[in-house]
Structures are given as structure tokens and as C-alpha cells.
Amino acid sequence: MMSRMLEEALSAGDAVAAQAAPSAATLAALGARLRTLAPKVALTVARGSSDHAANYLGYLLMSRLGVPVASLPMSLVTLGQTPLQVRDQLVLALSQSGRSPDLVETTRALTAAGALSVAMVNAEGSPLAEAATVSLPLGAGPELSVAATKSYIATLAMGARLVAHWQQDAALLDALASLPAALHAASQLDWTPAVTALRDASRMMVIGRGRTLSIALEAALKFKETCALQAEAFSGAEVRHGPMALVDDRYPMLVFAPRGPEQAGLLEVAREMRGRGARVLLAAPDDVVDRDLPLTSSAHVDLDPLLAIQSFYVMAAQLSQARGLDADAPRHLNKVTSTR
């Protein structure tokens, strides 16, 4: 029987397609407003999978627009009542439910302080959507699985849409139009070697860099949530420091190495870790001859991480079952986390 997690993950392409038309006018107006306002910095407000999506959006904003982005520790606002100087700056609040009190309270306070706040939220009419200046519904529909999948991919896609409209980038917008079909293709790739390698694992690392650090963080969380596997994510630039001391014979490592400027360094990390005896699972496109797991490519390199995490989600659902677990009922977890 197909798990709810897998069912929802397989519908990610439909979610991305569904968000396009309803968000187009709002995004066009927001892009024009951002070009006029020209914020100097952006703050992200998110937790869990949404915070990983914020990492991806932050990378796009910094690499493409040169706008510095920081993830805001919400306790500065909710516990410390810190009067942050954010007038005419950009705040990006990301959430599936839009109901976590700390996200809502922080976004409301930053909006009152003069920030242009944008809520990317799956639940329309949620308190978070109402607290922001502009709301961008993700359009993923109800997500019942505790482990977020389609809402995470929909958030990445909405972030890319925001950047494309801000920059008036026709090539990225065209690539987003073809993304649903590409996500479907990515969901059909065979990642069973990872299920075999990780069925009995107790700990591992997930490696990414740049635009793929977001999906490495997300994959590590899903390993913990759905597979009871102690996984930690690191940048390929950081793993040679302290984390490398953990690597011993057959230590499992998943390395995401899609196209892009970071790929060469990630392939070098994979080769070095194999030389140290690690059991490396290298996820890469067809032209990487020593890959272990296939990746497909999108019409724009900035969208490749969405296809990689789509392939991963299918494997994670299969791995959870192979480990005798129920991906839809992770221990101690609820769909909505209430934090102040």
C-alpha cells in the first residue's frame, strides 16, 4: 500500500502547476514593487522544511540579485522584543500551515516596523497570511502527511517565481512552466541502490553546497523523521573540517551533485570520501560516470535542486517501509509545531 507521504510527494508536479496562474498577477505586482523599493537586505522567517526552502530562496536572492539574506532567530522578537530596523526591507515568511505562533508574531511585528513582508504559505487565510503585507498561496492543497513533501517543493518553486518576476527573467519563467513535467520524470528515477545501502544504517551524512545545501538539509531531516536514521547535513566546503572525523569504513554519505558551479567540488568530496572508505551514494546527472544515483536536469540550472529532492522523496518513502517504519506516523511528531 502506498504511504500518504509517497502519494503526496508524487503530486508535487501537480502542485507546482496549480500555483502558476493564481499567483501570476500578485507576483508581477510584487516584482514591480521590489524593483522600485530595492531592499538592501532580506530576512527569512521559517522553521523545519520551510526554513530549508528559505535557504534555497536566500541563495537565489544573493547569487542573482546581490541582496544579502539572513535567517532571523525569531526569539529576538518573540522573547526579546528586539526593535529591529527593517523599514523598507524585505521579510520572507515561509510556512505550510501558517499557524505557528512564533512565525505569526514575528511577521506581524516586522510588518508593523515597516518591512515589506511576504508570506509564502500553503493554508490560505491562515494567521500568517493575514500578518504579512503580501500573501503568496503555495497552492499545494491539503498536506496530510506529517513529513512535508509537496509543500516543500511548491515553496521552492514559489521562491523561484518571486525571483524571476523581480528580475523579469523570461528564461526562468519559461523553465518554471516546464517544471511539472520534469518533476514527474524525476519521480520515476530508480534510487533503489540507496534503499539497499541504507536499510540497516544508523547514522550518515548528507552533502550539498550552494543551491543544493537546502535539499541536503531537507533530506537529512526526512531521514530522521521518516526513517529514524541519524542524518546530518553539511556543505561540501565544511565536511573536510570537524565532520570528517566521523567517517570510517562504510560510513554512509549521500552527496547531491547536480549541474552548476558547485558540482566539481562536490564530485571531489565524493572521490575523497570513497578513498577514506566511506559508502558514498553520489547523486549526479548522466555525464558523471561514477554516479550511484541518477539525477535529471530541468530547463534551468537553478531548478535542478527541485528535481533532486523529488527523486529523494520517493526513495525516502521506500526506505522507511524497508526499515519497518510508517512514514505517515513518525514518533513524537505533529503536523503543526507550536513554538514561541
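Trainee: In what sense do β6 and strand β8 pair, and over how many bridges?
Mentor: β6 and β8 (residues 252–256) pair in the parallel sense over 3 bridges. Two strands count as paired if DSSP finds at least two bridges between them. Strands here are DSSP runs of E with at least two residues, helices are runs of H or I with at least four, and both are numbered from the N terminus.

Trainee: What stands opposite Ile207 in β8?
Mentor: That's Val255. Before you go on: this is a predicted model, where local features need pLDDT of at least 70 and side-chain atom pairs count only at pLDDT 80 or more, while totals for chains, interfaces and linings use all residues. Residues are numbered from 1 along each chain as its sequence is written, and side-chain values use heavy atoms, with hydrogens and water left out.

Trainee: Okay. How does β6 pair with strand β7?
Mentor: Also in the parallel sense, over 6 bridges, with β7 covering residues 230–235. Met204 has Ala231 in β7 as its bridge partner. From β6 the chain crosses through helix α11 (residues 213–227) to β7, and this β-α-β crossover is right-handed. Right-handed means that, with the strands pointing away from the viewer, the path from the first strand over the helix to the second runs clockwise.

Trainee: And is β6 (residues 203–208) mostly covered or mostly open?
Mentor: Mostly covered: 5 of its 6 residues are buried. Buried means under 20% relative accessible area, exposed over 50%, and partly exposed in between, using a 1.4 Å probe and protein chains only.

Trainee: Switching to Glu262: where is that residue found?
Mentor: In the loop between β8 and α12 (263–275). Glu262 is buried, with a relative accessible area of 11%.

Trainee: What is Glu262 in contact with, leaving aside neighbours within four places in sequence?
Mentor: Tyr59, Arg209, Gly210 and Arg211. Contact means heavy atoms within 4.5 Å.

Trainee: New topic, the open sheet of 5 strands: what's its order?
Mentor: β2-β1-β3-β4-β5, with parallel pairing. β2 (69–71) and β5 (134–137) are the edge strands, each pairing on one side only. On average, neighbouring strands are turned by 20 degrees against each other, direction ignored.

Trainee: Which helix packs on it and touches β1?
Mentor: Helix α3 (residues 48–65), which touches β1 (42–45), β2, β3 and β4, and its direction makes about 145 degrees with that of β3. Axes are lines fitted to C-alpha atoms, for helices over the stretch in contact, and angles run from 0 to 180 degrees between N-to-C directions.

Trainee: What does helix α7 lie across?
Mentor: Helix α7 (residues 150–167) lies across β3, β4 and β5, running at about 145 degrees to β4.
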